[in-house]
Amino acid sequence: MTSTQIIMTLASCVAFMALVAWWSYLQTKGEPRSKEGYFLAGRHLGGLFIAGSLLLTNLSAEQLIGLNGSAYGFDMSSMAWEVTAAVATVAMALIFLPKYLRSAFTTLPEFLASRFDEDVQRLSVILFLLGYGLVTIPSILYSGSIAVIRLFDIPMLFNIGQFEALVVTVLVIGIAGALYAVFGGLKAVAVSDTLNGVGLLIVGALVPILGLIALGGGNFLSGLNTLVTTNPEKLNAIGGADSPIPFGTIFTGMIFANLFYWCANQYVIQRTLAARNLAEGQKGVLLSGFFKILVPLFMMIPGVIAFHLYGPGLASIDQAYPALIRDVFPLWMMGFFLAVLFGAVFSSFNSLLNSAATMFTLDIYSPSRKTPLSDHQAVRIAMIASVVIALFSFCVAPLLWFAPEGLWQIIRIFTGFYNIPIVAIVMVGLFARRTPAIAAKIVIVFHVITYGLLQFVFSEQVTLHFLHLYAILFAIEVAIMLIAGRIAPRPEPWTLKDRSQIDMTPWRFARPVAFTLLSMVVALYLIFSPIGLASEKISASFLAAMCALGLINLAAWWLMTRKSRGQV
């Protein structure tokens with residue numbers, strides 16, 4: 001880039017980010033500084049804002065590079081993380097969300113305190129805050145900054161070293177994200193996420209379109225024909241034993257990993273808890289599920305296009321997406337693309353920051369006081385906690401540069417310390433009414449010790465895929481809790497008390513839309529399979545299966561809408 005082009009790119013980037021900030025300010029201007037307003041956006045979020053925030057919170061710049069790199073180097077099997085998440089969004093919308101909103105809690109540990117006791121609340125908060133503070137938040141800043149540096153070659157643009165570029169990018173992303181989380185609260189985060197989400201969808205659609213035009217020598221249809229007829233095995237999502245994601249894992253540990261993320265992870269569910277009514281919450285969650293279905297098209301097909309354009313000769317699979325962007329994306333849109341990338345990164349960052357501050361304030365600081373926190377005090381403590389956590393993350397994130405491989409492994413491993421026990425405790429707590437608090441405590445201690453031993457002591461002896469390990473531990477921990485409930489049951493069965501503060505009428509079309517969403521998961525796996533596009537010729541069984549799915553959906557809609565009269 002010339003100096004003029006750099007200035008134009010940065011100017012357009014700043015302009016779009018300023019537009020997002022201005023709109024977020026207008027939407028939150030005059031909002032009362034109450035606890036509910038700061039932590040749950042006053043329980044006034046509509047379905048579109050919930051979906052937009054969930055989309056941006058879940059996606060990051062690192063995924064753009066990583067998923068496309070996986071498609072370039074291997075196949076489409078890594079789409080499992082994105083596509084099967086739609087199943088968890090259905091569970092959230094139909095099963096978990098109605099119970100959560102009826103309980104009217106602000107944090108998941110608060111719910112666990114009411115279901116079990118305050119010790120379980122404290123243990124869960126410790127797990128969450130250690131995971132967020134030491135690993136998740138710094139890694140989001142680090143990975144997002146690395147993605148931006150790779151895509152735009154920041155060191156060359158500004159004539160600085162790699163580490164200096166990392167520090168500058170971490171600070172820019174971190175400070176911008178922290179401003180929303182610290183001063184705007186959840187509503188500012190949700191509004192900015194939605195606008196950046198629209199930008200991400202535009203960019204996501206443009207890249208494969210422009211890539212196919214380049215692949216076809218200027219003709220989109222010619223490029224599409226090359227994509228589906230040449231090396232069709234690249235379009236196979238049914239992963240084998242040597243694939244990044246073996247197909248069998250989507251039926252074991254991946255189910256529980258996604259259930260945790262979408263149904264029990266504080267920084268995700270906090271958006272849904274802010275819904276203005278149950279119907280809007282269900283609309284937002286299910287819409288986010290449809291967005292997840294689109295992710296393979298935006299974040300994996302470009303990787304396959306890169307394989308056709310450049311062949312297998314790139315030095316690293318992570319170079320596939322940056323190379324494609326540099327070659328096909330118009331220079332005049334680079335600033336917009338950079339702004340969307342920044343938005344995707346600091347969306348995840350500010351969401352985590354807001355949720356960590358919420359849990360610290362309501363689950364640690366407030367219970368330790370003898371007198372209740374006023375709204376002003378709660379917001380002030382949350383803002384201070386956000387600043388402290390942000391500054392800590394600014395210090396930790398660049399340190400990942402010095403040992404990236406080992407720390408990436410620790411990042412993946414550390415998530416396993418808290419995701420499985422939390423989702424097991426929540427599920428048993430909701431549906432087994434006599435399970436005592438001691439069962440949850442046993443499970444947390446058992447999981448941390450067992451998982452730690454399996455990962456750090458017996459890792460060479462236990463070679464099972466970590467997702468299968470998740471499933472085995474989940475089954476054992478659920479069994480422990482159920483057995484404890486039989487041996488030492490609660491004196492009285494727990495009941496979910498209705499403290500709802502919003503309209504709890506479910507969305508009339510929630511069930512048929514959920515059915516269609518699940519059908520689309522099946523359809524996507526049929527499309528990217530050896531009977532679909534991953535073969536030289538589409539088989540008759542593929543066409544029959546797709547027709548059957550369509551007919552089943554029509555029947556499901558007719559039956560379910562007949563039974564849902566009177567709902568909104």
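Select D363 and its surroundings: leaving aside neighbours within four places in sequence, D363 is in contact (heavy atoms within 4.5 Å) with T107, P109, E110, Q121, V125 and T358. This is a predicted model, in which local features need pLDDT of at least 70 and side-chain atom pairs count only at pLDDT 80 or more, while totals for chains, interfaces and linings use all residues. Residues are numbered from 1 along each chain as its sequence is written, and side-chain values use heavy atoms, with hydrogens and water left out.

Staying with D363, you will find this residue in helix 17, residues 334-368, where helices are DSSP runs (H or I) of at least four residues, numbered from the N terminus. D363 is buried (under 20% relative accessible area, with a 1.4 Å probe and protein chains only) and yet has no salt bridge, a term for a side-chain nitrogen of Lys or Arg within 4 Å of a carboxyl oxygen of Asp or Glu. The nearest side chain of opposite charge, that of R122, is 9.9 Å away.

Next, select helix 13, residues 266-273, which is largely enclosed by the rest of the structure because eight of its eight residues are buried; among them are Y267, R271 and L273.

Finally, select V445, I449, L453, F456, V457, F458, V462, L464, I472 and I476, which together form a nonpolar surface patch with about 850 Å² of accessible area. Such a patch joins nonpolar side chains within 5 Å, from residues with over 30% relative accessible area and no salt bridge. Helix 20 gives the most to this patch, with four residues, while I472 lies in helix 21.

How values were computed:
Patch = residues over 30% accessible without salt bridge, like charges linked within 9 Å, V, L, I, M, F, W, Y side chains within 5 Å. Areas by Shrake-Rupley, 256 points an atom, 1.4 Å probe, with all protein chains shown as cover. Helix = DSSP H or I, 4+ residues; strand = E, 2+ residues; numbered from the N terminus. Buried < 20%, exposed > 50% of the residue type's maximum accessible area, 1.4 Å probe, protein only. Lys, Arg positive; Asp, Glu negative; His and termini not counted.
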